[in-house]
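I opened this notebook to record what I looked up in the model, going from the overall picture to single residues. The entries are brief.

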Amino acid sequence: MSLFNYQKNKKSTQGDYFARTILTGTRPVKVREEDVLKIPTVYAAVELITSSISQLPIYLYQEQSNHSVDRVQDERVDYLNHDANEVETGQTLKKKIVQDFLLRGRAYLYKKNGSLHHLSAKSMSEELYTEDNITVAHKRYQYSGLSSNVEIPSEQLIVIDSGTDGLLVNSDKLFNTALSQLKYEENLLSNGALPTGVLKAGTRLTEQAINRLRKGFDALYSGTENTGKTMILEDGLEFSKFSFSPDELSLHQSKSTITSEIARVFNVPESMLNSTANKYASLEHNNLQFLQNCIGPIITAIESALDKNYLQSGEKLLGYFFRFDTSELLRTTEAEKVKTVSQALEKGLISFNEARHRLDLQGIEEDYFVLGLGQVLKKVSDDSMLVLNIGEQIETKEKHNGEHSGITI
């Protein structure tokens, strides 16, 4: 089946000149989202990613002609970070769209009276339209509302597209395997007789005797609550054990393999889901891998969607853009933090007060930069410099007193 049903209509009007398609833009899922989230590793991965991104603030910036960047105060930033609408916070909104992005490949935000509302991806459908049977010229969006389907204009939507069908489609076999393993372990623990085996009788038993024996044996020894009970056999009965331990059944190895595969499809460092798989001794390196390989592509997709559908055309020409502040994800230990800030201060990249603020300390009255020549302090307020090794003050501002101007020592 082709992507489009294309039929050129020579008498088409402005409101109806696209060819209808019978194929929606999303593929049906083969495993339910509710079931997948019952897998502990999947739930941990989704919670880790969604919580990490939802805590990151989004700001609006403008790039100036000299390539400097200024933060812009705008009410849209408040919707994204604080009150998204009357009932949802910005943190909740981001958490929901990231989960849809991961599991279903798309996330939808509805713009209504300036505020933002999350639309569940499982309730959305897309229809594609074309003019040339090659490119997509238009999309129609249908939302399954509380009582009926609602068509939503594309200009009122912010669509965050991963370019995939989501993990519910692309990794459905892995999730079904994990669910089957959980079900097997549940049945093994709740229904199996401990020890598990077969009862042998020296004489032929009637069906009534077999049923009575099975019922009594299950009542005494089946289930985890009966683990460790002493088994008593009579009338020539014998018990032959044929059960295997979890190690003999390779359950531990299988579970470890599935955990690794789930971490792989979510692009999460396995050490963040399994403490025995830690590859990085440094918390900073671990967070850096998480940011670059997992979080980075997701926040880039969200930023691109906001730039495309949440900015006006004039703002785009003026250099406006949305960006996440990812510094929260790169939190280090106290020793690593002090070392990083100290190096930036010694290189003259930040001032004393900027360094103190990064360490959550109160600023000093006079702010300085550290320069070369042993140690040189540059005063922020008037650009004067103090050479520490000679104890002299260097005035760099011009003094217009009618007699001289220039640098004085």
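**Entry 1, the whole protein.** I noted at the outset that this is a predicted model. I then looked up the secondary structure and found 12 helices and 15 strands in the protein. Of its 409 residues, 34% count as buried, and the protein exposes about 25400 Å², of which carbon and sulfur atoms supply 50%. For the contacts between residues at least 6 apart in sequence, I read that 54% join residues at least 24 apart.

The structure holds 4 aromatic pairs. Y61 counts as buried because its relative accessibility is 15%, which falls under the 20% limit.

Another of the pairs is formed by Y310 and F322, with ring centres 5.9 Å apart and planes at 20 degrees, so this pair is stacked. I checked where the two partners sit: Y310 is in the loop between α9 (283-309) and α10 (313-317), while F322 belongs to strand β11 (residues 320-324), and the pair links distant parts of the chain, 12 residues apart. Both partners turned out to be buried, Y310 with a relative accessible area of 7% and F322 at 0% relative accessibility.

Which arginine lies over the face of Y59? I found R71 there, at 3.8 Å from the ring centre. The face of Y310 has an arginine over it as well, namely R76, at 5.9 Å from the ring centre.

I traced an open sheet of 3 strands, which has the order β4-β3-β8 and antiparallel pairing. Its edge strands, β4 (115-119) and β8 (157-161), each pair on one side only, and the twist from one strand to the next averages 25 degrees. Looking at the pairing of strand β3 (residues 106-112) with β8, I found the antiparallel sense again, over 5 bridges; A107, for instance, has I160 of β8 as its bridge partner. Helix α4 (residues 90-104) packs on this sheet and touches β3, β4 and β8, and the direction of the helix makes about 145 degrees with that of β3.

Is Q142 buried or exposed? I placed Q142 in strand β6 (residues 138-144), and it counts as buried because its relative accessibility is 18%. Leaving aside neighbours within four places in sequence, I listed S123, M124, S125, N149, V150 and E151 as the residues in contact with Q142.

Q375 I found in the loop between β12 (368-371) and β13 (376-379), and at 37% relative accessibility Q375 counts as partly exposed. I finally took the C-alpha to C-alpha distance from Q375 to E346, which is 8.9 Å in space for two residues 29 apart in sequence.

Notes. Residues are numbered from 1 along each chain as its sequence is written. This is a predicted model: local features need pLDDT of at least 70, side-chain atom pairs count only at pLDDT 80 or more; totals for chains, interfaces and linings use all residues. Side-chain values use heavy atoms; hydrogens and water are left out. Helices (H or I, at least four residues) and strands (E, at least two) are DSSP runs, numbered from the N terminus. Buried means under 20% relative accessible area, exposed over 50%, partly exposed in between (1.4 Å probe, protein chains only). Contact means heavy atoms within 4.5 Å. Accessible areas come from the Shrake-Rupley method with a 1.4 Å probe; for residues, only the protein chains shown count as cover. Rings of Phe, Tyr and Trp (its six-membered ring) pair if their centres lie within 6.5 Å; planes under 30 degrees apart count as stacked, over 60 as edge-to-face and the rest as tilted. A charge sits over a ring if NZ of Lys or CZ of Arg is within 6 Å of the ring centre and within 35 degrees of the ring normal. Two strands pair if DSSP finds at least two bridges between them. Axes are lines fitted to C-alpha atoms, for helices over the stretch in contact, and angles run from 0 to 180 degrees between N-to-C directions.
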